[in-house]
Protein chains: 2
Amino acid sequence: MELTKQWREHFKQLRAFDEAISLLYWDMRTQMPEQSAPLRAETIGYLSTEAFKRQTSESFKRLLDEMEGADGLTPIESRSLSVAKTQYERNAKIPPEEYQAYVTLVSEAETAWEKAKERDDWGMFAPYLEKIVAYQRKFADYFGYASHPYDALLYDFEPGMTVAQLDRLFEGLRDELVPLIRQLKQAGAPLDWSMDQKAQERICHDWMRVVDYDLSRGRLDATVHPFEITINRRDVRITTKYDEADYRNALFGTMHEAGHATYEQQIDAALDELGLGGGASMGIHESQSLFFENFVGRSVAFLKSVYPSLQAEHPPLSSIDFETFYAGVNEAKPSLIRIEADELTYSLHIIIRYELEKALIQGTLSVAELPAAWNRLYKEYLGVDVPSDAKGVLQDVHWAGGSFGYFPSYALGLVYAAQLTETLRAQHPELDTWIASGEFGPIKQWLETNVHRHGKSLTPNELIREVTGEDISVRPLVRYLTAKYGTA
Amino acid sequence: MELTKQWREHFKQLRAFDEAISLLYWDMRTQMPEQSAPLRAETIGYLSTEAFKRQTSESFKRLLDEMEGADGLTPIESRSLSVAKTQYERNAKIPPEEYQAYVTLVSEAETAWEKAKERDDWGMFAPYLEKIVAYQRKFADYFGYASHPYDALLYDFEPGMTVAQLDRLFEGLRDELVPLIRQLKQAGAPLDWSMDQKAQERICHDWMRVVDYDLSRGRLDATVHPFEITINRRDVRITTKYDEADYRNALFGTMHEAGHATYEQQIDAALDELGLGGGASMGIHESQSLFFENFVGRSVAFLKSVYPSLQAEHPPLSSIDFETFYAGVNEAKPSLIRIEADELTYSLHIIIRYELEKALIQGTLSVAELPAAWNRLYKEYLGVDVPSDAKGVLQDVHWAGGSFGYFPSYALGLVYAAQLTETLRAQHPELDTWIASGEFGPIKQWLETNVHRHGKSLTPNELIREVTGEDISVRPLVRYLTAKYGTA
């Protein structure tokens, strides 16, 4: 077989494994009978191992070497090669027995974390975290880095991003957000956000239709923890959580996941067989979900346009004027829990985690010192007192799962989304008119052309520069938040 | 790794592939967005090829050889080895390029058959069938056989069954059924079998509860073509078709699939990792679905017990007496279409197909002669005139799909079910009392002990002999049908 055909065949086979594994996972969360769980876990384990073997096999190594020696690769084939090579080398650098021991540790740590959080008992989890941090530091050394060990861990989530760049971005953002949050006024009297599930389902479907999320290549189901999952590029599914006490969760959560899904649906089909399908990074992915959730979903233009039908669907709203409703869905205040935070304060939750995990990996902060450091930063940046570790340092699963380097992507998502939205609006001043009239065709088209179609073929730095003409910057986000939440 | 551990590991990995492939298929039929179809087909293709490679690889051949030379295998391990060896040798006997060409042919033939059936155009399909028959004859030679080439094809569906045995069984059955059907009286005025889908769903769930089908290890969904599918032994799913014009389809169809599923749920868990999970044969599987559908579901004992709640759920029935209702769900009459046939006439549809495909494989009937032969046998056995090939020789997909040797299993299912039910009733004369009082625990227990738990570790001949003390025989089925439909 011709070399580049073999190369493509490798990724087509991997895609098939990905589809199977994604479906096994989706089904586990949405359809599977309870008693199937242990066998399902075993099946996912076997297939994941099989897919991993294909990425680390001797025969794939030979294929890589032949591709490196080949003449006449197209630019996109060269990019495919360099991304695959980097991934291969990272995989090959971790001794298999060490990785196996680490996987076992992480699985035990997640169980310990669950109990520790439930019982508010930091001491139960700390020994696991110490071992995980030790492994992560060792992995960073195996991977190699130019200036900071944390750089080596960022690659999996935000390729090309460095501590030097993040420090600059996040310090700038933090210094603007802290005073902006201090001047927030007290919110008005709380509204009643209750609604029965059936009505929420109808509204979610209605809003998906408005934003033109393509359900002929996807579907919406209910789960406890909402997620988007790509089964294949023509089958991108989302889930949402219907909370009858607060319908904002489902409505804006669905918009969020539909944003992720629209991204996946619009990636150039040809990239699949080059290993370049999927989003550019976790942060770029999050920028697309946040674009739909916040920059569209929580905007005056969108909400005003859907408010009459929302009032018709949910009669208690007929006595609430639009301004009160708008303020209610855009309520911002400092809080303790990241996943409940609003778009204004959210980044500070992330910046706190970034500073802490960077120090843990660098070795300048010990696990023993972590809870106190956490509580100090929450007081300093958000002005809140942390009443317990369960509502503080134990709240997220990420560290138990070994995901060091992941948190920054959440805040970068907001940064990218603001930057992309500013460019989109500069090129198309009629953006709000489009949103207000439910004309999402040109918006989706712009995102496809400028962001989505590229898949993994550009890094976040390259993509932002190409689309906006600027380097990654927090200025657009600061402008957006100041305009929306500032008192000036 | 110890030899038998390696052996088990092989089958555990195959089971994982089976779970993924089954789920990909189930999802395609029940949940998948329409546009996903081409990629889904590709994914199923890749994973099936991968699973097949593992069963035909050099390393598996070495493992087989080592197992053959090993001392101290347990009886069940020896059975595992002999089943796997037979399968390996069958797989190895077909030259891969020939098999590949055949797979392509069959895929084209299915498309041609669909169109030919739609347009009632035998000529469109005949050239494909000629090639398929030629391949099947060649495959039979590759596989090898003692006395009849059709024996070699039966193995995939009914291991151990031969033409000699089938001829004896089916001739005996045919000679009893033809006169029994001739004496059928005209049915009474037709009843109204319409019911809205929601009510059908409630009744299906109610009946599944009555027969104690374990939904904590399964689920019921709606599809155009009902099926049972084993995702894993703790996740056995069924589907049904809700026809608002005739609720008998859904009610008895659900019982049918629940019978298949109960079988799968009760196979000894330890057999999975010996490649002996799954049913003993297609026929034994069908006997379990037919036991629930007909021997339980259409019985006086069962129907009388559920009739009051059925009348409450569906008020039009309150003016229909039980005898009329019972006669309606047990209506029997000669007809043209196999899948719409009743339990009395069904076997003759099968026997016709058996006689024809046996002759095709033997070479004593040509494809050109097939339609006329079909029509002649329908007239002779069922007394009906076939008005078109679409309602005759073109009605089933099996031959287009290359499934020669499959049809007999359907009639054997009835034969086995009657034989097993007679033994069950002889050992437990209280059977009808159990059924009437919804006491399905002891019935399921008896089936588990005698039939289900054995999985593939016994052939149909061994199983029937072990449970009933007799060889396979049509006498119990003839007694059952004569008692139910005879006029004497």
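Student: How much area is buried between chain A and chain B?

Tutor: About 3200 Å² in this predicted model. Carbon and sulfur atoms give 51% of that area.

Student: How do you know that the copies meet through the same surface?

Tutor: Compare the interface residues. Of those in chain A, 100% are also interface residues in chain B, so the same surface is used by both copies.

Student: What makes the pair Arg54(B) and Glu50(A) a salt bridge?

Tutor: The cut-off is 4 Å between a side-chain nitrogen of Lys or Arg and a carboxyl oxygen of Asp or Glu. In this pair the closest N and O atoms are 2.5 Å apart. The pair therefore meets the definition. Between chain A and chain B the count is 10 salt bridges.

Student: Why is the relation between the chains called a two-fold axis?

Tutor: Two copies of a chain are related by a rotation about an axis and a shift along it. Here a rotation of 179 degrees, with 0.1 Å of shift along its axis, superposes chain A on chain B. The RMSD is 0.1 Å. That is how a two-fold axis relates two copies.

Student: Which residue of chain A comes closest to the rotation axis?

Tutor: Ala20(A), with its C-alpha at 2.9 Å.

Student: Now within chain A. Where are the domains?

Tutor: Domain 1 covers 3-93 and domain 2 covers 120-488. Their C-alpha centres lie 27 Å apart. In chain A, 22 residues of domain 1 are in contact with 25 residues of domain 2.

Student: What area is buried between domain 1 and domain 2 of chain A?

Tutor: About 2200 Å², with 60% from carbon and sulfur atoms. Trp26(A), Arg79(A) and Arg90(A) supply 31% of the area domain 1 buries against domain 2, more than any other three residues.

Student: Why is the pair Glu273(A) and Arg8(A) called a salt bridge?

Tutor: Their closest N and O atoms are 3.3 Å apart. The limit is 4 Å, so the pair qualifies. The two domains of chain A have 3 salt bridges between them.

Student: What makes α10(A) largely enclosed by the rest of the structure?

Tutor: Buried means under 20% relative accessible area. By that test 17 of its 18 residues are buried, so α10(A) is largely enclosed. The helix runs over residues 248-265 and reaches 25 Å from its first C-alpha to its last, close to the expected 26 Å.

Technical notes:
Residues are numbered from 1 along each chain as its sequence is written. Chains are lettered from A and ligands numbered from 1 in the order in which they are written. This is a predicted model: local features need pLDDT of at least 70, side-chain atom pairs count only at pLDDT 80 or more; totals for chains, interfaces and linings use all residues. Side-chain values use heavy atoms; hydrogens and water are left out. Helices (H or I, at least four residues) and strands (E, at least two) are DSSP runs, numbered from the N terminus. The expected span of a helix is 1.5 Å times one less than its number of residues. Buried means under 20% relative accessible area, exposed over 50%, partly exposed in between (1.4 Å probe, protein chains only). Copies are superposed by least squares on the C-alpha atoms of residues with pLDDT of at least 70 in both. Contact means heavy atoms within 4.5 Å. Domain bounds come from an automatic or database domain assignment. Buried area is the accessible area (1.4 Å probe) that two parts lose on being put together, summed over both.
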